[in-house]
Amino acid sequence: MTTRKLICVFLLSSVVSGHAAGLITSHVDITFNYAPTGWVAFLSHGGSYEQPNLQADTESLSLPARDFPAGPSGDRLIQPASPNFAFTGAQIGAPLWNLPQTSRGFTWPGFRNTQVPSAFLSYINPDSRLSSVSAKWVKIQLVSVQYSGESLTTPHFSLWNPFSAGATTVWMATSDGISDEDCYWTAEGTHGHINFGFTALGIYRVTLRASAFLESTGELTESGDHAVTFAIGTLAIWRATHFSGPDLIDEDIGVPTADPDGDGSNNLIEYAFNMDPLEPSTAPIAAGTGTSGLPLIRVENVEGVDRLTIEFVRRKPSTNSQIVYTPEFISDLTSGTWEAGGTTTTSPIIGEDDLQRVKVIDTLPITADSRRFGRVRVTLLTDISY
């Protein structure tokens, strides 16, 4: 298991203003519509499958995938052994996160095109992935994919249907680069769903462009480039609840090592201890009742002996596989070595299924002529064994 260690110094500084952010965790369509004034792109969601009643800018909301086995509670599959699935770029047996063609009751993305009828020219499309029928074709072209994450696995994005070993049609796949063939075709005025695949945990910014031939002139008309953000895994989903659009991959704002509120705790520490990355704070967790804050380190009398204790809130290992908490103690900051240890107890936090409160009691007592220091080391895993 490979790790990346991030150790933070806590200071209070200036505040960076936040940006609107959020998640769509239901039916959603990436929508490209054409009008005489030009193309528009947005996310259609809410309402019914056939008639979403909400629209969101493609930069304002993210589409999340849960890092749990695929089913009602998760979106993580295992890369099939069939060579038909080599296009995903994942190794056989490795994790493959999938936002599905058929709904699991969570994020369910598709494509929609619902502008005024008869805008586009009808023709027989020569793409071999399509049947030879005449339609008013709209092309959704993959332009680029930007990734922000910690995995050592090469991140790849793919789009296909259906999830079948013998009849898979691949529309987009970055495992062999990006070319003009990385596109999805939809007909004017239609709506459909396909499988979205991701090979690593993190943030993906998938940039798309729509085009079609105009009925009136036969000329090709193209939209601008529009990025759709996918948040894969628990840490990425947390990032997407606080940041959106380009901010998510900005080295100074949305990545784990960034400290946008300037309080000395980077985003990874804010995530680990259930803090707000856009509200500066150096306050420790409230003893016995707190649900957010830096670790509380203090001397307590334990069964008649003074000992150093560390109390902190922790994301449960069962719901977060990307970070590890290691409480450590040391007697000499100059020449000593930090050592993990102590007696640990955990307690639930009412109303917080993903969090628990942890208390660690140092094994060594504190006497009149001794000193002890404590800390919690947060380690971000770059390679996870499930």
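User: Which helix and which strand each supply at least two residues of the lining of the largest pocket?
Analyst: Helix H1 (234–242) and strand S25 (352–365) each do that in this predicted model. Helices (H or I, at least four residues) and strands (E, at least two) are DSSP runs, numbered from the N terminus.

User: What's the lining like by class?
Analyst: Seven nonpolar, six polar and five charged residues. Ala, Val, Leu, Ile, Met, Phe, Trp, Tyr, Cys and Pro count as nonpolar, Asp, Glu, Lys and Arg as charged, and the others, Gly among them, as polar.

User: Before I go on, what are the ground rules here?
Analyst: It's a predicted model, where local features need pLDDT of at least 70, side-chain atom pairs count only at pLDDT 80 or more, and totals for chains, interfaces and linings use all residues. Residues are numbered from 1 along each chain as its sequence is written, and side-chain values use heavy atoms, with hydrogens and water left out.

User: What's the mean pLDDT of the chain?
Analyst: The mean is 92, and 94% of the residues reach 70 or more; pLDDT is the predictor's confidence in each residue, from 0 to 100. Over residues 1–19 the pLDDT is below 50, though that stretch has 59 contacts in the model beyond near neighbours in sequence. A contact means heavy atoms within 4.5 Å. Where pLDDT is low, the predicted coordinates should not be read in detail.

User: New topic: strand S8. Why is it largely enclosed by the rest of the structure?
Analyst: Because five of the five residues in S8 (residues 108–112) are buried. Buried means under 20% relative accessible area, exposed over 50%, partly exposed in between (1.4 Å probe, protein chains only). Trp108, Gly110 and Arg112 are buried on one side, and so are Pro109 and Phe111 on the other.

User: Which strands does S8 pair with?
Analyst: S2 (residues 27–35) runs parallel to S8 and is joined to it by five bridges, with aspartate 29 opposite glycine 110. S15 (residues 191–193) runs antiparallel to S8, with three bridges, and there phenylalanine 111 stands opposite glycine 192. Two strands pair if DSSP finds at least two bridges between them.

User: Where is the cis peptide bond?
Analyst: Between asparagine 161 and proline 162, with omega about -20°. Proline 162 sits in the loop between strand S12 (157–161) and strand S13 (169–173).

User: What about glutamate 303's phi?
Analyst: Positive, about 55°, although glutamate 303 is not a glycine. Glutamate 303 lies in the loop between strand S20 (296–302) and strand S21 (305–315).

User: Is glutamate 303 buried or exposed?
Analyst: Exposed, with a relative accessible area of 82%.
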